[in-house]
Amino acid sequence: MIEKLVRKNIRKLMPYKVNIYDDVVKLDANENNDLAHGFNEEIAEALLDLKINEYPDSDCWALRRQLADKLSLLPEELIIGAGSDQIISMIINAFVDPGDNILTFSPTFSMYRIGTELVGGNTYEYELDSQFKLDYDGFIKKVEEDKWKIIFLTNPNNPTGGIIPRHEIIRILDIANAIVVVDEAYYEFYGETVIDLIRKYPNLIVLRTLSKAYALAGARVGYGAGSKELLDILYRVKPPYNVTNLSQVAAKICLENQDMMMESVKKIILEREAMEKELGSIEGIKVYESHANFLLCRIERAKDLYEYLLERGVLIRCFGDQGPLANCIRITIGIADENQLVLGIIKEFMGIK
Ligand SMILES: *Cc1c(COP(=O)(O)O)cnc(C)c1O
């Protein structure tokens, strides 16, 4: 009886599945293991002064002021979400009517499509080529079809690690009659941004998160930067009190420790480069160039390797055997010991040494 009451476009949706394993080396979700407990003491201390009996600052003014200073923006040009996932939902809720179209590429982050399905919109996924690169001219032709409410660009892309150069994003911005979302979840590992363009292009919104480089995934804090005109619309659909005061305090402290974060990012990038070389030199493994804190690899018997690693206490991401990501695995770059462990197990699996 209940199933019949469910909205039509929700009926075919499945719950977002996340496996939980105890005591594994967690290299499946692009978290920062290097700063696992990095800010805990400082956060714990700050929490002692917190009035948790009161509702949080609904619009996160203190956090927005702090970010605005860092980014040379106005607080009015920022919005905070319970993870950038929540901002993705807000953008879709604000702009997509049932039957409307959004444009993105594939493979990419799944939340754009899921959020769009939820409201009854259609997602067009422009396929990346066999090297997971975007054919810019082909994509521009798609943009020119001019039937899009939102265009989602992930830069660097997840799960491929690939990038879109700034001038190609500008080409898209110059012709798009749509909201253009540039998801910079891995910005700190890449270093290039288009956040400076939000005043020139009022239809641009740049998404960032504290979940990856800042090692704060558990607190769920992300932000969007865009024109005041665009953000005024998002504030209409933002749920009140969407970021807990615990999370606001934790975010403040992480942002105050930007130097520590940057040190950590440097280490992770060096580790990634070493892993890219090591894995790439193994016959039977193809490693894709990455500008983030993970590596996408193609390997025969990917599912077997995934299970082999799990039996030995290491969790990575496996993409199954269908579609363009068939036989692909994504390995988050952890701390040196963790990376050596994965590498050792993979070599063992491949029968090396
Ligand atoms: C991890 C990730 C996010 C989500 O981050 P949260 O702030 O934790 O919701 C958004 N976009 C991409 C591409 C990601 O990989």
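A: In this predicted model, L279 touches I285, V287, L295, C297, I331, L343 and I346, with residues up to four places away in sequence not counted. L279 also belongs to the largest nonpolar core, which has 94 residues; together with F139, L153 and L204, L279 touches the most other members. Because domain 1 (2-36 + 259-349) and domain 2 (53-257) both contribute residues to this core, the core lies between them. A second core, separate and made up of 22 residues, includes I79, F95, V119 and F152.

C297, one of the residues touched by L279, is also in contact with C328. C328 is located in strand β13, which spans residues 328-332. With a relative accessibility of 0%, under the 20% limit, C328 counts as buried. Beyond its neighbours within four places in sequence, the contacts of C328 are F132, L296, C297, R298, A302, R317, C318 and F319. The C-alpha atom of C328 is 6.4 Å from that of I299, although 29 residues separate the two along the chain.

A further buried position is N157, whose relative accessible area is 3%. N157 occurs in the loop that connects β5 (148-154) with α8 (166-175). A polar atom of the N157 side chain lies 2.9 Å from the backbone oxygen of P107. P107 is also among the contacts of N157 outside four places in sequence, which are F105, P107, T108, F109, L128, G162 and F294.

How values were computed. Residues are numbered from 1 along each chain as its sequence is written. This is a predicted model: local features need pLDDT of at least 70, side-chain atom pairs count only at pLDDT 80 or more; totals for chains, interfaces and linings use all residues. Side-chain values use heavy atoms; hydrogens and water are left out. Helices (H or I, at least four residues) and strands (E, at least two) are DSSP runs, numbered from the N terminus. Buried means under 20% relative accessible area, exposed over 50%, partly exposed in between (1.4 Å probe, protein chains only). A polar contact is a pair of N or O atoms within 3.5 Å; within protein, one must be able to donate a hydrogen and the other to accept it, and residues adjacent in sequence count only if both atoms are side-chain atoms. Contact means heavy atoms within 4.5 Å. A nonpolar core is a set of buried Ala, Val, Leu, Ile, Met, Phe, Trp, Tyr and Cys residues joined through side-chain atoms within 4.5 Å. Domain bounds come from an automatic or database domain assignment.
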